[in-house]
Amino acid sequence: MYCMSKPPTKNENKVIDFFTRKPYDIDHFNNHDSSGIALADFVNQVKPNGLVIDAGCGVNPFKNRLPNLIGFDAAPYQQADFQATFNQAHYIFNREFADVVLALGSCNFGTLNENLYFFDYFHQWLKKGGLCIVRVHLNRAEIHMEPGTEYAEWTIDNADQCAFKWFKDKFKVLDMHIETMISLKDGTTPVQLAVWVWKKL
């Protein structure tokens, strides 16, 4: 289990710099299977009138697919509703604000412990019974690493422990699966992603 005494900030500027230079685009969004377009249908079915926070929204691709969505990102995307880091957003959302929190690829930077800290934030933002939907990049290959940027060392094992064990007093797992896609960077490298849906207890 993780243990932190203060919010992580070390890697934020590197992440902002990275996505400012190499912004996430709609092609990357469309490359995701179950955690892309199909996810909007799932959220609309289970929380049709719910307030959704997209934490690290990039180009805010769910904005026109989910009626009550607020998307923010640390990098300066014009499509985002506002620019903020997770730490800054925590002052806005604080406690029991949302029905759904999406963290689709936004918990991949910094140390693993730093990213686990953010899941506590998401738990606080959610109303009881709210959903937290997470996607992380597993066993990141060097081709997908930017020099000078720290990446969380997600593996199938620690993603599984995170979903089912480390937060079992806060969340119940409704679904967990592995999503495989072909990297847009070279068109051949398979990329594995762990995707899970938590329900706040």
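Student: Hey, how many disulfides does the structure hold?

Tutor: Zero disulfides. Keep in mind that this is a predicted model.

Student: What's a disulfide again?

Tutor: A covalent bond between the sulfur atoms of two cysteines.

Student: Is cysteine 107 buried or exposed? And what about cysteine 162?

Tutor: Cysteine 107 is buried, with a relative accessible area of 0%. Cysteine 162 is also buried, at 0%.

Student: Switching topic: how many aromatic pairs are there in the whole structure?

Tutor: A search turns up 24 of them. One to look at is phenylalanine 86 with phenylalanine 122: the ring centres are 5.4 Å apart.

Student: Is that pair stacked or edge-to-face, and why?

Tutor: The planes of the two rings sit at 80 degrees, so the pair is edge-to-face. The cut-off for that label is over 60 degrees.

Student: Where are those two in the chain?

Tutor: Phenylalanine 86 is in helix 4, residues 86-93, while phenylalanine 122 is in helix 5, residues 112-125.

Student: What about tyrosine 121 and tryptophan 125, how do their rings sit?

Tutor: Their centres are 6.4 Å apart and their planes are at 20 degrees, so this pair is stacked. Both residues are in helix 5, and because they're four residues apart, about one helical turn separates them. Tyrosine 121 and tryptophan 125 are both buried.

Student: Zooming out, how many helices and strands does the protein have?

Tutor: Six helices and seven strands. From the N terminus, the order is α-α-α-β-β-β-α-β-α-β-α-β-β.

Student: How much of the protein counts as buried?

Tutor: 51% of its 201 residues.

Student: And what's the accessible surface?

Tutor: About 9800 Å², with 51% of that belonging to carbon and sulfur atoms.

Student: Last one: of the contacts between residues at least 6 apart in sequence, how many join residues at least 24 apart?

Tutor: That would be 66% of those contacts.

Note on methods: Residues are numbered from 1 along each chain as its sequence is written. This is a predicted model: local features need pLDDT of at least 70, side-chain atom pairs count only at pLDDT 80 or more; totals for chains, interfaces and linings use all residues. Side-chain values use heavy atoms; hydrogens and water are left out. Rings of Phe, Tyr and Trp (its six-membered ring) pair if their centres lie within 6.5 Å; planes under 30 degrees apart count as stacked, over 60 as edge-to-face and the rest as tilted. Buried means under 20% relative accessible area, exposed over 50%, partly exposed in between (1.4 Å probe, protein chains only). Contact means heavy atoms within 4.5 Å. Accessible areas come from the Shrake-Rupley method with a 1.4 Å probe; for residues, only the protein chains shown count as cover. A disulfide is a pair of cysteine sulfur atoms within 2.5 Å.
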